[in-house]
Amino acid sequence: MKQAVVIDLGGTAIKSALCDLRGKLTNRRERPTPRTAPARDFLAAIAEEIEAHLQSPLVVSPSNHGRSSFDKLRTSGRVYGIGLGTPGLADPKGRIVGGCPNLPQWAGADAGAWLKKRFRL
């Protein structure tokens, strides 16, 4: 079953889940948003959530057990993408360009480039 890792970055919580092609969410997770931390700490928390989903029994099969690389899981056909919902406006490349009243340090973060580099998208 193909799934995407989806992340909702909010002012009080980072919520994440696996989402199938029909929009069904499984393996829901939630953690507090590091509200006063710099953007790099937000990105580290997001990466931890993504990695937790990639290691989930819902994703890891006997043929790819132990592989943490998103690229290997994507190639296997089990995970096809990562979606990030974030406060503020984003440009087409995923850079946060607009106001984030609850998370001002998030403005200007280049989340798209960071995700591409970190997970080899």
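## Ground rules

Since the model is predicted, local features need pLDDT of at least 70 and side-chain atom pairs count only at pLDDT 80 or more, while totals for chains, interfaces and linings use all residues. Residues are numbered from 1 along each chain as its sequence is written, and side-chain values use heavy atoms, with hydrogens and water left out.

## The nonpolar core

Let's start inside. The largest nonpolar core has 21 residues, and L9, I50 and W106 touch the most other members. Here a nonpolar core is a set of buried Ala, Val, Leu, Ile, Met, Phe, Trp, Tyr and Cys residues joined through side-chain atoms within 4.5 Å. Buried means under 20% relative accessible area, exposed means over 50%, and partly exposed is in between (1.4 Å probe, protein chains only).

At least two residues of this core come from each of strand 1, strand 2 (13-20), helix 1 (39-54) and helix 3 (111-119). Helix 1 is the top contributor, with eight residues. Helices (H or I, at least four residues) and strands (E, at least two) are DSSP runs, numbered from the N terminus.

R29 pairs with E49, with 2.9 Å between the closest N and O atoms. That bridge links distant parts of the chain, as R29 sits in strand 3 (residues 25-32) and E49 in helix 1, 20 residues apart. R29 is partly exposed at 34% relative accessible area, whereas E49 is buried at 2%.

R31 and E48 also meet in a salt bridge, at 2.9 Å from N to O. R31 belongs to strand 3 and E48 to helix 1, so this pair ties together parts 17 residues apart in sequence. Both ends are partly exposed: R31 at 24%, E48 at 45%.

E51 bridges to R118, the closest N and O atoms being 3.4 Å apart. This pair spans 67 residues, from E51 in helix 1 to R118 in helix 3. E51 is buried at 18% relative accessible area, while R118 is partly exposed at 34%. As for the network, salt bridges with shared partners join R29, R31, E48 and E49 into one.

## Out at K2

K2 lies in the segment before strand 1 (3-9) and is partly exposed, with a relative accessible area of 45%. K2 and C19 are 17 residues apart in sequence, yet 8.5 Å apart in space, C-alpha to C-alpha.

Technical notes: A salt bridge is a side-chain nitrogen of Lys or Arg within 4 Å of a carboxyl oxygen of Asp or Glu.
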